[in-house]
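Come and look along with me.

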Amino acid sequence: KNTEMSGSGRTLLEALDHWSKVQPDKLLHTFLDDHGTEVDTLTYKDLLDKSAALAQHLLAPTRQNGAGLKPGDRALLVYLPSLDFITAFYACLRAGIIAVPVFPPDVRKAKKDLYMFSAIQSSSGALVALTNKTFNYAKKLSGVQSFFSKDSGNGTWPDIKWIVTDSVIQAAKGGDGFESCSPSLDTPAFLQFTSGSTSEPKGVIVSHGNLAHNLDLMVTGVGASETTVQVSWLPLYHDMGLIGSYLGLLYSGGTGVYMSPVSFVRNPPLWMETMSKYRGTHASAPNFAYGLTARKFLAKRPQPLLDLSCVEHMINAAEPIHWIDVERFYAVFEQAGLKRGVIFPTYGLAEHTLFVCSNGKQVLTVNKTILESEQRAVEVADSGDPNAYEVVGCGYPGQAKGVDLKIVRQDSSEASDQVGFHALAQDEVGEIWVRSRSRAEGYWGLEEKTAEDFGGQLVDKEPDGFLEVGSNPMGFLRTGDLGFMHNDELFICGRMKDLIIIRGRNIFPQDIERAVEDAFVGKLRGGCSAAFAVTTKDGTEAIHLVAEVVEGFKDFDVSALADEMRSTIAKGQGVSVSGVYLLKPRTVEKTTSGKIARQWCKRALKNGTLQSIFEWFDDSADSAEKDASAAEKEQQPAAENRPALAVSLEEMTDDDILNAVVETVAVDVLKTSTESIMEDVNKPITSLGLNSMEGMQMLSLLEGKLGTSIPQEILFEEETTLLNLIPVIRNGGKIGARTTRIDLAALAGRGKCKTDKQRLDWVWRVSTKSSWRTGEMPPAAPFDISKENEQTATRILTFAFSVTTSTR
């Protein structure tokens, strides 16, 4: 066993113990809602105490009402964005339980997410899932059967035990006396399942030693310390969010402010508003977030006054970096004091725990033809050259202590003395290989794949015995990424498995995708295109492209759009496209971390499951892989968008809002009568027969009609009815304190109450506990409701149906 940590870095558990003693009352994490309001906080001592109480429960035997787990068992962590996740994660570390962060199955893509969730559970062998009250599927499963089928055709819902951690912690007497386990450095800390953009997800085994080394690298690389204030919206189940934004923050002793990814997507400027308000120093995000935030801030009225002079380091990573987006971000926020030079392109991957290198500085203009055909980077002096192609550096691996990175290519030519993998010189393109103490232990349960991806060996071995595990030299991690080195900085070109090779020319799919998205802003959704190669009948490869159109696509000619896209690619990229498939909004295949899954899109094309509104493909280069059924699939026109309401929300009575909600559900979504839905306005939304897509469609249509956002999480709450959506809509989407529904239908005779007066009569009798028999209307209430007070009556009624109770 490897029991000593190289360097001065402490383990994450040691960091938790250290900072909890040094600064117990310092705010560690603060979580915000969609409006930037604080909804939860944790100090360092809070986290220590709560994680101890939960860890104690996880290890306690079942005869003592514990979970009965033992060190080495796996536990799924299934949470909507919240601090409950991070408490559960540390509890697992302290108990020796191997945490398995999992995306919460998305109701908008239920079948796909059910399959992914089931695959991760099966692969990890987890028999328990940790969650909180908000996402308690063990309790709510019967209530959300319309969202999740027990047999979707893609697998079954796992038969596992669910533990509601916030309830456990609330009921616990505290974790006094609990002592954390003392794992060796090569003991697995957690399984990070890869996003699976080119293959099925695999569980990366991240050890305590991997985590300690990588956190030390990262904290040093970004200059984090006790004064750091991290602001993040990244998801906790993804390595960049979990390790980069939460674990790294605790490791440095700083303070973090967080929000849900949904909050960011709804209101991108909130990210920078939060940076300004809390004096944020550090942040991380994918490239798209920078361009999106800049555009949305410019369009916001009124524009908030910001002070971003506090910002020190912002990571740009996780997807191809386009410097124009960075420049736009600087241009917009310089007026708010943002300093140039604080955004740093960064490279990392789950198989190396997370972080490889950062602080990228160079932006090169290279010859695109030579890069693709000869796999060499050659700079061009004239940026107007038609072959000019911009690439962005992602940092200096040599500055990361103990990291050995090579650019590698296989040489199998007869002229070579040794057949095998050789390290390349600067400016030559090859696969990126890396090794360090951060290199993960491998893939859970996949020994052959582990040996293949984590055991890279060079023919020209270095005699220095760089790193050893036991008596064996550490193999290189074969990342599957293509890149080159220039002046000791790393440049990324793309993924090997996504690479398109046409007549010996290497074509990077992101170049095609970016070209059409930039050319057709307002017609194609940004970040929702996928280019890939398919094999034709004659055995050659052809390029096919899928792309989502925007909402309201019926306002333009989709056939003409497809023709223009093909022309743009031919002129700008010098290649022809043999297939163009325009998809309905929000249907393109993506990974759980939001990356385009090109191989999944290719599979959907083959299986005929693309949700397309228009298809064009060249019959002479028809794919042998494409299922005939896809070509014959009948295209259904999109549903007509109903016009927005003629009056403002302020002018509407509660009855008006309820009628709008009922009409939306009945007419626009379920295609049924409003009378049938009106009878069920006080029943849980999940009982109305809405499936996952219909639930999201309902919220989207209501937002468009009423001009206010409605949190998607409300669909999962047992107490949510159409009736008690009214105060949520009135409050601009703010839920406030959680509510517990009084199900008057369960008290019998709900359908008999046809007017506000009858409903208030009913509520009055229930509240005064007057005696009455099932099916009978109670005696009239001792007050009258005049016509002038109908709006007030409805508000009273809404309040009566929802008795507020605190959840914290």
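I note here that the model is predicted.

Next, the overall picture. I found 24 helices and 32 strands in the protein chain. Of its 808 residues, 55% count as buried. I also checked the contacts with a separation of 6 or more, and 71% of them join residues 24 or more positions apart.

Then I went inside. The largest nonpolar core holds 116 residues, and Leu12, Phe89, Leu247 and Trp271 have the most contacts within it. Helix α3 (residues 83-95) gives the most to this core, with ten residues. I saw that the core draws at least three residues from each of domain 1 (12-352) and domain 2 (361-462 + 473-495).

Leaving aside residues up to four places away in sequence, Leu247 touches Leu12, Ile86, Phe89, Tyr90, Leu211, Leu215 and Leu242. Another core, of 26 residues, lies apart from the largest one, and Ile500, Leu524, Ala533 and Phe614 are among its members.

Last, a sheet. I traced five strands in an open, antiparallel sheet, in the order β19-β18-β20-β23-β24. Its edge strands are β19 (420-423) and β24 (489-495), each pairing on one side only. The twist averages 50° from one strand to the next. Within the sheet, β20 (residues 430-435) and β23 (residues 477-486) pair over four bridges.

Definitions and conventions. Residues numbered from 1 in each chain as written. Predicted model: local features only at pLDDT ≥ 70, side-chain atom pairs only at ≥ 80, totals over all residues. Heavy atoms only, no water. Helix = DSSP H or I, 4+ residues; strand = E, 2+ residues; numbered from the N terminus. Buried < 20%, exposed > 50% of the residue type's maximum accessible area, 1.4 Å probe, protein only. Contact = heavy atoms within 4.5 Å. Core = buried A, V, L, I, M, F, W, Y, C linked by side-chain atoms within 4.5 Å. Domains from an automatic or database assignment. Pairing = 2+ DSSP bridges. Axes fitted to C-alpha atoms, helices over the stretch in contact; angles between N-to-C directions.
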